[in-house]
Amino acid sequence: MESDGGEDVMVKLTERQRRFVEAYIETGNATKAAIMAGYSKKTAATIGAENLIKPNIQKAIKERMKEIEASKTATPEEVIKFLSSVIRDEMVEEVVVNEFIGDGRSVARIMTKKSSMKERLKAAELLLKRYPSRADADEQALRVKKLAAEVAELDKGDVDEQIVFTFDREAADGI
């Protein structure tokens, strides 16, 4: 865990403080974290609160949370690959199925199931939101060309009517 200066923030902490940081991230409770880190139960509430105020411990908690988040958060590329694999029907999931075997009894079995058409369509919809369609891109390009032509026409001065913008400070203050 390196700070902006390239130093390892956790190295600057005592062993108990390092354990406190890990326990606090796990529980979200300063008193429990202090007890788990080895502080006395009598002083755990006070020490836990004090630890949360110390800048080096705050920084260690933030950096450790960033590490955890970075390792567990899917990248955009992973999301796109996942959605594509669902659309291509390459994904399977395990589901529990109850099979009736007679005399009012059933047996639960785990079976694999491919994505349903509804799930595949939803994945396609989510994937398309990330990419503009060709028609959308063409429409946007036409809008840009039209605006550029209008600006060029205004720059030439060929337009008969002048567009004038005025600003009335008194009227604006009343809004």
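A residue counts as buried under 20% relative accessible area, as exposed over 50%, and as partly exposed in between (1.4 Å probe, protein chains only). By this criterion, buried residues account for 17% of the 175 residues in the protein chain. The model is predicted: local features need pLDDT of at least 70, side-chain atom pairs count only at pLDDT 80 or more, and totals for chains, interfaces and linings use all residues. Residues are numbered from 1 along each chain as its sequence is written, and side-chain values use heavy atoms, with hydrogens and water left out.

The protein chain contains 8 helices and 2 strands. These are DSSP runs, numbered from the N terminus (helices: H or I, at least four residues; strands: E, at least two). The order from the N terminus is α-α-α-α-α-β-β-α-α-α. The chain exposes about 14000 Å², of which carbon and sulfur atoms supply 55%. Accessible areas come from the Shrake-Rupley method with a 1.4 Å probe; for residues, only the protein chains shown count as cover. A contact means heavy atoms within 4.5 Å. Of the contacts between residues at least 6 apart in sequence, 41% join residues at least 24 apart.

Helix 1 (residues 15–27) packs against helix 2 (residues 30–37) at an angle of about 135°, with the axes 8 Å apart. Axes are lines fitted to C-alpha atoms, for helices over the stretch in contact, and angles run from 0 to 180 degrees between N-to-C directions. The two helices are therefore oblique to each other. Angles under 35 degrees count as roughly parallel, over 145 as roughly antiparallel, 65 to 115 as roughly perpendicular and the rest as oblique. The crossing of helix 1 and helix 2 is right-handed, a term for a near helix turned clockwise from the far one by less than a right angle, with anticlockwise giving left-handed. Helix 1 contributes Arg16, Arg19, Phe20, Ala23, Tyr24, Glu26 and Thr27 to the contact, and helix 2 contributes Ala30, Lys32, Ala33, Ala34, Met36 and Ala37. By class, this contact has 8 nonpolar, 1 polar and 4 charged residues. Here Ala, Val, Leu, Ile, Met, Phe, Trp, Tyr, Cys and Pro count as nonpolar, Asp, Glu, Lys and Arg as charged, and the others, Gly among them, as polar.

Helix 1 also packs with helix 3, at an angle of about 90° and with axes 11 Å apart. Helix 1 is thus roughly perpendicular to helix 3. Gln17, Phe20 and Tyr24 of helix 1 meet Gly48, Asn51 and Leu52 of helix 3. The residues of this contact divide into 3 nonpolar, 3 polar and no charged. Asn51 belongs to helix 3 (residues 44–53). Asn51 is buried, at a relative accessible area of 1%. Leaving out residues up to four places away in sequence, Asn51 touches Gln17, Phe20, Tyr39 and Ile57.

Helix 5 (residues 76–87) includes Ser84 and Ser85. Ser84 is buried, with 13% relative accessible area. The C-alpha atoms of Ser84 and Ala123 are separated by 7.4 Å, although the two residues are 39 residues apart along the chain. Ser85 is buried at 10% relative accessibility. Beyond residues up to four places away in sequence, Ser85 touches Glu90 and Met91.

Two loop residues have positive phi. Asp89, not a glycine, has a phi of about 65°. Asp89 sits in the loop between helix 5 and strand 1 (92–102) and is partly exposed at 21% relative accessibility. Asp103, also not a glycine, has a positive phi of about 55°. Asp103 lies in the loop between strand 1 and strand 2 (105–114) and is exposed, with a relative accessible area of 74%.
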